[in-house]
Amino acid sequence: MEVAAIRPGERPIIDSYGDGGFRVSGERIEGSVLVLPDRTESWPVTTMDGLGPEILSPVTATDPPIEILLLGCGERMTLVPAALKAHLREIGIAVEPMDTGAACRTYNVLLSEHRRVAAALIAV
């Protein structure tokens, strides 16, 4: 599914999602992804089960730090594990879980507003 045509500078933008992957800034990536302010990388996550701080270390290590992490949970939104939510809150990152499609669209909107946003997206 196509998402947006916004092109805010050199930051990665999500062009589309579906068929088990994403198109980010014109490049097709198979599987789940992390979309960070300066890069996009594969993310070895297929479900929300057992999601913990270590798997999000690329997000928490950004400099300058991000403000908002959009968590694309797959086809349906699920709750963020309490320990992960508390960890992110302690380091100043607001986490917003939603289905992957909504996370893609919201990421592009926040990016166009020049927010410090990242997205952790489970492929659908």
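Is Glu41 buried, exposed or partly exposed? Glu41 has a relative accessibility of 26%, so Glu41 counts as partly exposed. The cut-off for buried is under 20% and the cut-off for exposed is over 50%, so a value of 26% falls in between. Please keep in mind that this is a predicted model.

I will stay with Glu41 for a moment and turn to its charged partner. The side chain of Glu41 meets the side chain of Arg39 in a salt bridge, with 2.9 Å from N to O. Arg39 is partly exposed, at a relative accessible area of 33%. Arg39 also forms a salt bridge with Asp38, again side chain to side chain, and there the N to O distance is 2.9 Å. Asp38 has 58% relative accessibility and therefore counts as exposed. Taken together, Asp38, Arg39 and Glu41 form a linked network of salt bridges.

How many salt bridges does a search of the whole structure find? That search gives 4. I have described two of the bridges, Asp38 with Arg39 and Glu41 with Arg39.

Another one of them pairs Arg115 with Glu67, where the side chains meet at 3.1 Å, N to O. Arg115 sits in the loop between helix H3 (100-112) and strand S8 (117-121), while Glu67 sits in the loop between H1 and S6, so this pair ties together parts that are 48 residues apart in sequence.

Now to the loop that runs between helix H1 (57-60) and strand S6 (68-72), and to one of its residues, Thr62. Is Thr62 buried or exposed? Thr62 has a relative accessibility of 13%, and because buried means under 20%, Thr62 counts as buried.

What does the side chain of Thr62 reach at 3.2 Å? It reaches the backbone oxygen of Val59. A polar atom of the Thr62 side chain also lies 3.4 Å from the backbone nitrogen of Ile66. Setting aside residues up to four places away in sequence, Thr62 touches Leu36, Pro37 and Arg116.

Note on methods. Residues numbered from 1 in each chain as written. Predicted model: local features only at pLDDT ≥ 70, side-chain atom pairs only at ≥ 80, totals over all residues. Heavy atoms only, no water. Helix = DSSP H or I, 4+ residues; strand = E, 2+ residues; numbered from the N terminus. Buried < 20%, exposed > 50% of the residue type's maximum accessible area, 1.4 Å probe, protein only. Polar contact = N/O pair within 3.5 Å; in protein donor to acceptor, adjacent residues only side chain to side chain. Contact = heavy atoms within 4.5 Å.
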